[in-house]
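Have the model open in a viewer with residue selection ready. The stops below say what to select next and what is there.

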Amino acid sequence: METIRNYLETMFARLPNTFEVQKAKDELWQMMEDKYTELIEDKKTENEAVGIVISEFGNLDELAEELGISSFVIQENRKTAGGFRSVTLAEVKDYLHDRTRSAYAVALGVFLCIVSVCGYLLNFGWSWRIRNVLAACFMFLAISAAVGLFLYSNYIMGKWKFLRAGVCSVDFATAEYVHNQRENFRVTCSMMVTIGVILCILSVLPVVIVSSLFGWNGGFGVFLMLVFIGIGVFLFVAAGNVSAGFATILSLNKRGTVGGSFVPSQKLVTYKNETVSQVMSVYWQTVTCIYLSWSFLSFDWHITWVVWVIAALVKLIIKAL
């Protein structure tokens, strides 16, 4: 029966989630269930019964008028006349795997950009000329590696552009799989974000401690602070991008359709405003740039950390709105 249920949900996935459509789906499910029970009582095997039920009730275009939803079916067929693609479970698994690799590549690239200036903050007793040369080499190597990671991320995600460019959807079983994977990752994501926030808040402590105990010491305290911030932002970016992968798949079933309510987490997939959605996709990267720019321009490291607290509050407000 699970196979029939999945097939039924997929049949109605692209139709609007209205009372009439839900009523028609319930009626068709009842007919399928009755037919399946009848076939099992007639000594048919489970596979045979499923095949007969799907062949008899599996064409929604033929049943639409009888179910009273012909107008919805015709309207949806017109919308997808230019092309429609159902993304398979195997493709979704490949996408999530590539998205995870991309997430950690981007996160590592951002980390390298943040710590790329650390060479200028350390003093091992070398002359200023040697120190500046080594610091410049480290900075360019770190930035080059970061750019390479960004390009690698774009390369591995390039084949998935069709998910946003075309008309795609996923079936009920696939949506349920992605929902379960997202729920399994939720605890890990929360831990990553929590640790990231703690590291960013505590990043000012190395400056205070090193300055108090050893004086300025060539900026070693600032070096440790940037490492703390880099690790924190790494965790933010990695967690956010992995979570965005689940959201991308679930958002293929559009809001307001039956498929758009397959699983509870689909209610939280995207922001209603597309502009806000695009802005929030780079939210923490932007906050990081603001934090570093303000800090290096003012050198008020003991104050600028409040940017992270404000940013967290602003994100909660935007999400609520």
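**Stop one: valine 207**

Select valine 207, which is buried, with a relative accessible area of 11%; buried means under 20% relative accessible area, exposed over 50%, and partly exposed in between (1.4 Å probe, protein chains only). This is a predicted model, in which local features need pLDDT of at least 70 and side-chain atom pairs count only at pLDDT 80 or more, while totals for chains, interfaces and linings use all residues. Residues are numbered from 1 along each chain as its sequence is written, and side-chain values use heavy atoms, with hydrogens and water left out.

Valine 207 sits in helix α10, residues 204-214. Helices (H or I, at least four residues) and strands (E, at least two) are DSSP runs, numbered from the N terminus. Contact here means heavy atoms within 4.5 Å. From valine 207 to valine 222 the C-alpha to C-alpha distance is 5.6 Å, although they are 15 residues apart in sequence.

**Stop two: the whole chain**

Zoom out to the protein chain, which has 15 helices and 2 strands. Of its 321 residues, 41% count as buried. Among contacts between residues at least 6 apart in sequence, 73% join residues at least 24 apart.

**Stop three: α9 with α11**

Select residues 172-202 for helix α9 and residues 220-250 for helix α11. Their axes are 8 Å apart, and the packing angle is about 160 degrees. That makes α9 roughly antiparallel to α11. Axes are lines fitted to C-alpha atoms, for helices over the stretch in contact, and angles run from 0 to 180 degrees between N-to-C directions. Angles under 35 degrees count as roughly parallel, over 145 as roughly antiparallel, 65 to 115 as roughly perpendicular and the rest as oblique.

The crossing of α9 and α11 is left-handed: the near helix is turned anticlockwise from the far one by less than a right angle, whereas clockwise would be right-handed. Colour the contact of α9 with α11 by class to find 23 nonpolar, 4 polar and 1 charged residues. Nonpolar covers Ala, Val, Leu, Ile, Met, Phe, Trp, Tyr, Cys and Pro; charged covers Asp, Glu, Lys and Arg; the others, Gly among them, are polar.

**Stop four: asparagine 241**

Stay in helix α11 and pick asparagine 241. Which backbone oxygen does the side chain of asparagine 241 reach? That of valine 237, at 2.8 Å. Leaving out residues up to four places away in sequence, asparagine 241 touches Arg99 and Ala103.

**Stop five: α6 with α9**

Select helix α6, residues 89-115, and keep α9 shown; their axes are 10 Å apart at an angle of about 20 degrees. The two are therefore roughly parallel to each other, and α6 passes α9 in a right-handed crossing. Show Leu89, Val92, Lys93, Leu96 and Tyr104 in α6, which meet Thr174, Tyr177, Val178 and Met192 in α9. The residues of this contact divide into 7 nonpolar, 1 polar and 1 charged.

**Stop six: α1**

Finish at helix α1, residues 2-12, where the buried residues are Ile4, Asn6, Leu8, Glu9, Met11 and Phe12. These pack against α2 (19-41), α3 (46-57), α4 (60-67) and α9. Threonine 3 is also in α1, but is partly exposed, with a relative accessible area of 49%.

Terms used:
Polar contact = N/O pair within 3.5 Å; in protein donor to acceptor, adjacent residues only side chain to side chain.
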